[in-house]
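These are my notes from an afternoon of looking things up. I wrote each entry as I went.

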Amino acid sequence: MRSKQELSADIRRDRRAALVVNARSRRGRQHYERTLDRLRAAGFDLLGTYPVDRPGQLERSLNEAVGLGPDLLVAGGGDGTLSAAARLLAHRDLALGLLPLGTTNNFARTVGVPLDLDGAVDVLSRGKVIDVDLGLAGDTPFANHVGVGLSADIMLRTPPGLKRVVGRSAYPLTALALLTRHRPLRATVRADGVEHEFVTHQLFVANGGFHAGRPITADTDADDRLLVAYPVGGPTRRGLLVDTARNVATGHRRTLGETSFLAVGELWLETDRPAPVEVDGELAGHTPLRLGLAANALRVMAPADSPDR
C-alpha cells in the first residue's frame, strides 16, 4: 500500500484514471461529455469511461473500472453513486475522485470539493490524497448517514411511478402524505456504557458533516473518528417540522457540545418495533443495528489545503 503522499505524486505525474458517471443522476447525463472534455484537457489518461444509465449497472461499472488498475477512480453522480464508490474503494490502494452531480452532494461538501465541474476537476488535478472515515451499519460501509424513522419509510413507500414522473420531488410529496399518519418511534441508543432514549419521528446517525446539503454542526466532519446520533424533533409531527427547519437554518452555528447530539465511536440502536433503516438513501435492513466506524478507510482526492488527521 502506497503512502498518501506517494499516491498523490503518482496521480499528478501519470494521471491514470477511470471514470464512472451516473448518467441517471440529476446532472449526470447533461455533463458526461463535458466531464470527458475537462478530464482530457487536464491531461488525464482515461483507462476506461462508463456512463451508467440503467438500474443495476453502477456496481458492475465500478468493479470494471477498478479492474483496469487506475490510481484514481473518478465517480460522478449524487450521494448514492459516491457512496457506492466509497464502499468499493475502502481499504484499497487507489483514490476516489468526486464529481458532485447530484442534488444535495453531502459527501463532496464534507470533503470540501467544489460543486461546479471545473472546480471539482481542478481538485483532481491539483489536490492531494487524504483518508477519511467510513461508518459501518452492521457490515455495510456508509459515507454520509443512517436514517431510522420517516426517512426510511419514505424510501420504502415512495411509488416508483411517481419517481419516474416528478423525480426527486416524489420524496417530499410522499413525506407529506406519510406524515399525517406517521407514528413516532421510541429509539434506544447504547454507547460508552450509557443508555439514551429518544421518542421521535426521525433519528439520524451521521459520519459526514452535511445532511440535505446543509451543515449538521460547525464541527462535524468525516475524519474525526466520530459518529453523531441525533433525533429530529420529538414525538409530535409539529416538532419534526420545526426541528427540521431549525437544523437547516442554524446547523452552521451549532456544535457537538449541544445536548441534542451524541458523538461516539460506536453505538447500538434499537427501537420499540422493528423499523426499516436507510443507509445513504438506500434501504438496508431493520433495527436493531450496531453502528461503528472504519477509521481512515477511504482515500479521496481533496483540495490541497485540506486538513488530514
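For sorting residues, I count Ala, Val, Leu, Ile, Met, Phe, Trp, Tyr, Cys and Pro as nonpolar, Asp, Glu, Lys and Arg as charged, and the others, Gly among them, as polar. The model is predicted, so local features need pLDDT of at least 70 and side-chain atom pairs count only at pLDDT 80 or more, while totals for chains, interfaces and linings use all residues. Residues are numbered from 1 along each chain as its sequence is written, and side-chain values use heavy atoms, with hydrogens and water left out.

**Entry: a pocket**

I looked at the second largest pocket. On a 1 Å grid over the protein atoms alone, a pocket is an open set of points with protein on both sides within 12 Å along at least five of seven lines, and its lining residues have an atom within 4 Å of a point. A volume is the space filled by probe spheres set on the points, which are joined across faces, edges and corners. For this pocket I noted about 270 Å³.

What kinds of residue form the lining of the second largest pocket? I sorted them into 8 nonpolar, 6 polar and 4 charged. The lining has 18 residues, and Thr 110, Val 111, Asp 221, Ala 222 and Pro 307 lie nearest the centre. Helix H5 (106–111) and strand S5 (128–137) each give the lining at least two residues. Helices (H or I, at least four residues) and strands (E, at least two) are DSSP runs, numbered from the N terminus.

**Entry: a hairpin**

Two strands pair if DSSP finds at least two bridges between them. Strand S8 (residues 185–191) and strand S9 (residues 194–200) run antiparallel and are joined by 7 bridges. I found Leu 185 opposite Thr 200 in S9. The hairpin has 2 residues between its strands, and Asp 192 there takes a positive phi near 55 degrees.

I then picked Thr 188, which is in strand S8. Buried means under 20% relative accessible area, exposed over 50%, and partly exposed in between (1.4 Å probe, protein chains only). Thr 188 has a relative accessible area of 10%, so I wrote it down as buried. Contact means heavy atoms within 4.5 Å. Leaving aside neighbours within four places in sequence, Thr 188 is in contact with Glu 195, His 196, Glu 197, Trp 268, Leu 269 and Glu 270.

**Entry: an open sheet**

In what order do the 6 strands of the open sheet stand? I read it as S14-S13-S10-S7-S16-S17, with antiparallel pairing. Strand S14 (262–264) and strand S17 (282–286) are at the edges with a single partner strand each, so one side of each has no neighbour in the sheet. On average, neighbouring strands of this sheet are turned by 20 degrees against each other, direction ignored.

Within the sheet, 5 bridges join strand S7 (residues 145–149) to strand S10 (residues 202–206). Val 146 has Val 205 in S10 as its bridge partner. Helix H7 (residues 150–157) packs on the sheet, where it touches S7, S10, strand S16 (276–279) and S17. The direction of H7 makes about 85 degrees with that of S7. Axes are lines fitted to C-alpha atoms, for helices over the stretch in contact, and angles run from 0 to 180 degrees between N-to-C directions.

**Entry: covered helices**

Helix H4 (residues 79–89) is mostly covered, with 9 of its 11 residues buried. Among them are Leu 82, Leu 88 and Leu 89. Helix H6 (residues 117–126) is also mostly covered, with 7 of its 10 residues buried, including Gly 119 and Val 123.

I also checked Ser 61 in helix H3 (residues 58–67). Ser 61 is buried at a relative accessible area of 4%. Beyond its neighbours within four places in sequence, Ser 61 is in contact with Val 20, Tyr 50 and Val 52.

Most residues other than glycine have a negative phi, and most peptide bonds are trans. Arg 15 is not a glycine, yet has a positive phi of about 55 degrees. Arg 15 lies in the loop between helix H1 (4–14) and strand S1 (16–22).

Is His 91 buried or exposed? I have it as exposed, at 56% relative accessibility, whereas Arg 15 is buried at 16%. His 91 follows H4 and has a positive phi near 65 degrees.

Last, I noted that the peptide bond from Thr 287 to Pro 288 is cis, with omega near 5 degrees. Pro 288 is in the loop between S17 and strand S18 (289–302).

Note on methods: 1 Å grid on protein atoms, 1.4 Å probe; cavity = no way out; pocket = protein on both sides within 12 Å on 5 of 7 lines; lining within 4 Å.
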